[in-house]
Every structure is written in C-alpha cells, then in structure tokens.
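Welcome! Keep the 3D view open as you read.

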Amino acid sequence: SFSLSKLQLKTGDLDPRLFSRLRHLQKLDLSDNLLDKFPNSLTLPDLRVLNCNNNQLEDVTALKQFPLLEELTYENNVYLTLNDDYKVMFLLQNLRLLNGKDITKLANHVRRVNSRKLTSKVTAHWEKFFRDQLPEKYTAEQVKSIKKKFLKSVQTNVVYGPSSLSEFTRWRVKMIAEEFLSYSLGLELNTDTETEEKMDEDEEESTESPKEDAEDVSKVVVTPRKRKRNRSKSGSRKKRSKSQANTEKEADVSAEPLHFLQCHSKGNSREDFKTQLWSCVFEPLLDCGARKDPIVSSSRTVATCGGESVCLIDCETGVVLKKYKVATEEFFSVAWTTLPMVISDSRKKSHNILAAAGRRGIVKLIHVAADFCYGEIKAHKKPIATVCFSPTQETHLFTASYDKRIALWDIGIPDCDYNFKASQLLVLESFSVPLRIALVPTCPEQYLLAGCEEGCFTWNIKLEKEQKNRPFEVTFQFPDEEGEMTTSHRVDGLAFLNDDVVASKSSKPGCIYLWSWSRSFDTKGKGCQRTVSAVILAELEWSTTDLSYLTLSTCPAKEHVFCGDEKGSVWIYNLSNYTTAWSSAKAKRSDKRIPPTQILKWPELQSNGDHLSEILINNVITDPTFTYLVALTSVNITAIWKKS
C-alpha cells in the first residue's frame, strides 16, 4: 500500500521511473490532488485498489494499464460522467467495486450484451450501406476513403441505450468498427497484384480468434469483393457446377459454399491446418412456439468444437460471435439445452445453455447470452467422446466416456448467482467405448441407443428402477463383410431419421444401414444382454474408405441423411420417397443400395498458395429446416454451405 494523498500533485509529478520500482504495489491512494489525467506508463502490473477521489480527472481510459484493478474510486472529479463509469467497466475485466458499489453484474452486461448488440449493428451497417461501395479491384486509396466514411457514418448512425450514454456508445462503436475494418479489409491491402489475384481465388475466410473475453469476437474476414462475385450470375453458376459435381439432374439439394472459417487454431495461428474439428450443433430457438415445429423458422447460429476452443458462428454472415478457450483441453462434443432461469428481476426466462466436453473428462456449462462459463462437472476420469441432453428433461445430460461408461447427470438449474447442484442419476456399463448416443424418439426417457467401438447397444434408462449401475439390455447384430451376422463392429455413426428408422454406420466395411428400431427391438423379450438382429430396411451407397470416425447426421423434418468422406465431400441422401413404405410392418429390405441424391465436392481452397491435401469430413450437420449445412474437417476448417 502506498499513499500520495493531499500532496497538491499534478499529472507531471507522477514519475514513471519511481513507479516502475513498485512492481508489486497492490494499493495506491492518490486522492485529494490536482491530477487532470493519468500518465500512460506507470507500470504497476499488480495494482488491485486505486483511490483518485477529489482530483480534476477528465479521462479514464489510461486506467486500462492496470488490468488487475478490482476496486476503483474517483468521486468528486467534476468532469467525469456516467459514460466514464461505463468505459472503465468495459476496460477493466476484473473490476468489482466502482465508487463503493458492486458493479459485477452491470459490468458483465456492458462487456457482453452491450458489445454483442453493438457488434451486430456495426456489421449490419457495413453490409447495408458500405459493402457494395468497394469495387471488385480496389486501391489502398479507395479503402482509406471508405474506411473514413464508414467510421464517421457508423458513429453517427448506430445508437443504442439511453442518450445519457451516447458518448460511451460512440466510443465503443468506433472501437468495434475499427476492429471490424482491420479484419475485413486489412487482409486485402496488398500492393502486389499477383498476391491480390491469389486472394481472389482463395475461398478461405480466415477468422482471427478472440481471446477469453467476448470483446475480440467479431474479427472475421469478410471479403466483399469475393461476395460480390458470388452474387453475379456467372459466379454463382460456376460455383454451383463445382458443388453439384456428379448429379446435375438432381437440382433439389443444390447448395452454395458460403464461408470457410479457420476459427479453432491453436494459439490463433493462421498456419494451423492440423486441429481436428469434431462436433457441431445448431442453437435451439428460444421462441417456444417455433421449437415445436422446426419448419417454422430456424436458428442460424451453430456451436462448433475442436482443439482448445468452442466457437459460436452465425452461418449467414460467417461471423464468429463467441469463442471459449481452455488451454489444456481438447473438445470433442457440444450439446444445447434450454433452461428456465431467473437471471434478473426475478422472472423466469428461457436461456440456452451449452455443454462442452472432451479429453479431460470435464463438462463445461456455458450460459451463452451472458458469455459466462458458470460451472463444470468432473464427469469421468477418462475423455468424454460425446454428450447429449434429453429432449424431454431439460436438465438431464448424458456423457459417454472412454472409461466405457455412459453417465446420466441432472445438471440442475443455476440460480441468479449461477449456483447450481449437479447429481449423477445413472451409470450405464458398456463393454467398449461408446462413440455416439441417441435417445429413442418415441420413448426418450426409457431407452438409449449407443454406437460403440465394438457394436451397437441399448440400455433401459427408466429412472423408476432402483438400480443405478446398469448393463446393456440388447446388442444388435449386423451383416459383416461376408454377409454373416455379427455383433462385433465399430459403429461410428448413429442417428434417428424419424421416430422409428435408425441410420447407423459401421466403419468396416464402410457402409450406412437404415433399420427399424421397433421391429428390431422386441420389448417383450425378457432378460438383459440379449442379442437381436437389426431389421435392415436399406443400405446407402457411400465411400469405400475404411477410415473411422467420419460420422453421419440426419435432418428428420426433411427426411435427409448426411455423411462426409475422406476426400472432403459431403454425401446427401434425400429419403422422402422411401419412408412411407418403411413405416409398414411388412416392409422388405431394398435389394439395391440407395445412391446419394447429391455429393457436394470440396471447393479448391488455397491457403498461402498451398493446396490442402487430405481433407476428412469428421462431422456434417444441418439446421432443422435444412437451410445451412455445416461440415467440420480434419484440417481446422469449418465449411458452411447454404441451400440455394
């Protein structure tokens, strides 16, 4: 602690050389002096408490040099206003007390909600009024002039919150706009025309990753020139022929490549084409009416995970809205649920919660709107391969782990201070590592189906039963390469196409089966650990690769199955012509394998002029209405397609 109070000190009297010796100083009292501003380089890296009451301060932004500051007072500085309070709340991530008041909640709001709203307004302002002003080929001079116009326009036109905060809002808008510009235009300020040509061919939208806080989030590269080209007729035709590849006649699934993002890089490195991306899932809509009927409308934000991070991406704009990092983690799975939470003013409101898990066996629980990871569950001692929430019990979370167990947790509902109580309800014992899990749509509180390293199994998960640890109830047999029925095969893809039809993928041989749950699983059978043959309805024609872990997904509302392959292609199967026949109890297995309706080919991407070799599509999903298709790769690229 160090007091320099009541010494008639002016700003020039604060000698940085003296302060640089006080590296471990935690408390500093500068009250009752004549300071009009703060010098920029006092180097007090450990400062926690600062008192500047009764001075003549005019500006607070220099306080950002004290990042660990927890308590700050500057009462009776007549030139400081509410705008300055908001600036320090934004700049000082650890600030708890400001002029004696606990500002934790308000500061969170300022840093998160406020920033997110402003970011989307700034982005929209660019898209609406400025994007098309950039010519196809532009000079540094043109960019400079547009930047200047945009900065002026956006500060005048983007308004948010009460007028008493307009100065703070302008300050933030300028900051966000400059950041947005440096990332969307900065890349293309290239005097070398040859490189500029290359950029033009380059499909890749590279994303500068934000840090822990949500502030750096909208650093996404928008390439207006390329987008414009997309809209021109010839451009889109050229694009489409690439993606329609070998099934020109089937125009019903035609999709356009929209964004290619590199947002899970280790240490934000542009050179990272190694991080594997594993899991992605669309955020549920909070409007309950829409959730019952997925056709009404659909979310366009998707959570993706891979390496040390989880990202939230807006599929339409390609903007990375949020990013969470855990330096020692490798994330394998993400899942959403919607909880009725009391956050403020004691009313219950629905909030989306994201669960993320991976190598460390820990589930992170993230309240996305507040940008806050509020808790964790140490679920398993070994890695977690996949997680999923019950569709009927919003707090019930299943975690499937390399410890050969699937656990059911009740994660509870956090109170207004984010206290929550998690408890383990069930442990399902598996003979081999569970890779994919699915709850049976007609009885999601009674049966869970899992694709494992050595087979496909079902457990009874009804909670009325006393027993907490349970063996599997049924294992399913499928044909092996010789056509003999076997229970032993790796099932690395599993999803329900509708209430009854299951799509599952056995990685050797690489084949996708469609089979009937109700006809295979005879509930009348007694006893545990029975072996039954899957009643197969059809087989889908797919890649001949024997690589594992390229998983499949379904879009039940549109009766589609999707599966990526080892060459960067996405195989799309529209099965709406078959499902009616399959629903009859007498349905016979189709003799022929069903070919894909379309194969989306990976477009030629270049990064720094290098072609990416071997691209595996680890996972591919669509939103419930099949507007967007998201493919996750083995080369740290998230590809987003839009149905055209």
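## A pair of strands and their sheet

Strand β32 (residues 560-564) and strand β33 (residues 570-574) are joined by five bridges and pair in the antiparallel sense. Within this pairing, H560 sits opposite N574 of β33. Two strands count as paired if DSSP finds at least two bridges between them. Strands (E, at least two residues) and helices (H or I, at least four) are DSSP runs, numbered from the N terminus.

Both strands belong to an open sheet of four strands in the order β31-β32-β33-β34, paired antiparallel. Its edge strands, β31 (552-555) and β34 (598-600), each pair on one side only. From one strand to the next, the twist averages 20°; the axes behind such angles are lines fitted to C-alpha atoms (for helices over the stretch in contact), and the angles run from 0 to 180 degrees between N-to-C directions.

## How to read the model

This is a predicted model, in which local features need pLDDT of at least 70 and side-chain atom pairs count only at pLDDT 80 or more, while totals for chains, interfaces and linings use all residues. Residues are numbered from 1 along each chain as its sequence is written, and side-chain values use heavy atoms, leaving out hydrogens and water.

## A covered strand

Have a look at strand β30 (residues 535-540), which is mostly covered: five of its six residues are buried. Buried means under 20% relative accessible area, exposed means over 50%, and partly exposed is in between (1.4 Å probe, protein chains only). Strand β28 (residues 511-516) runs antiparallel to β30, and five bridges join the two.

Another strand to visit is β18 (residues 405-410), where R405 is found. R405 is partly exposed, at a relative accessible area of 36%.

## A kinked helix

Helix α3 (residues 104-130) has 27 residues, which should span 39 Å at 1.5 Å a residue; the end C-alpha atoms are 37 Å apart, which agrees. The expected span is 1.5 Å times one less than the number of residues. There is also a kink of about 30° in α3, centred on S115. The bend at a residue is the angle between axes fitted to the seven residues ending there and the seven starting there.

## Aromatic pairs

How many aromatic pairs does the structure hold? There are 27. Rings of Phe, Tyr and Trp (its six-membered ring) pair if their centres lie within 6.5 Å; planes under 30 degrees apart are stacked, over 60 edge-to-face, and the rest tilted. W126 and F180 are edge-to-face, because their ring centres are 6.0 Å apart and their planes stand at 65°. W126 lies in helix α3 and F180 in helix α5 (residues 166-184), so the pair ties together parts 54 residues apart in sequence. W126 is buried at 0% relative accessibility, and F180 is buried at 2%.

F260 and W602 also form an edge-to-face pair, with 5.3 Å from centre to centre and 85° between the planes. Elsewhere, Y447, F476, F478, Y513, W515, W517 and F521 form one aromatic cluster.

## Cysteines

With a disulfide taken as a pair of cysteine sulfur atoms within 2.5 Å, the count comes to zero. C52 is buried at a relative accessible area of 1%, and C388 is buried at 15%.
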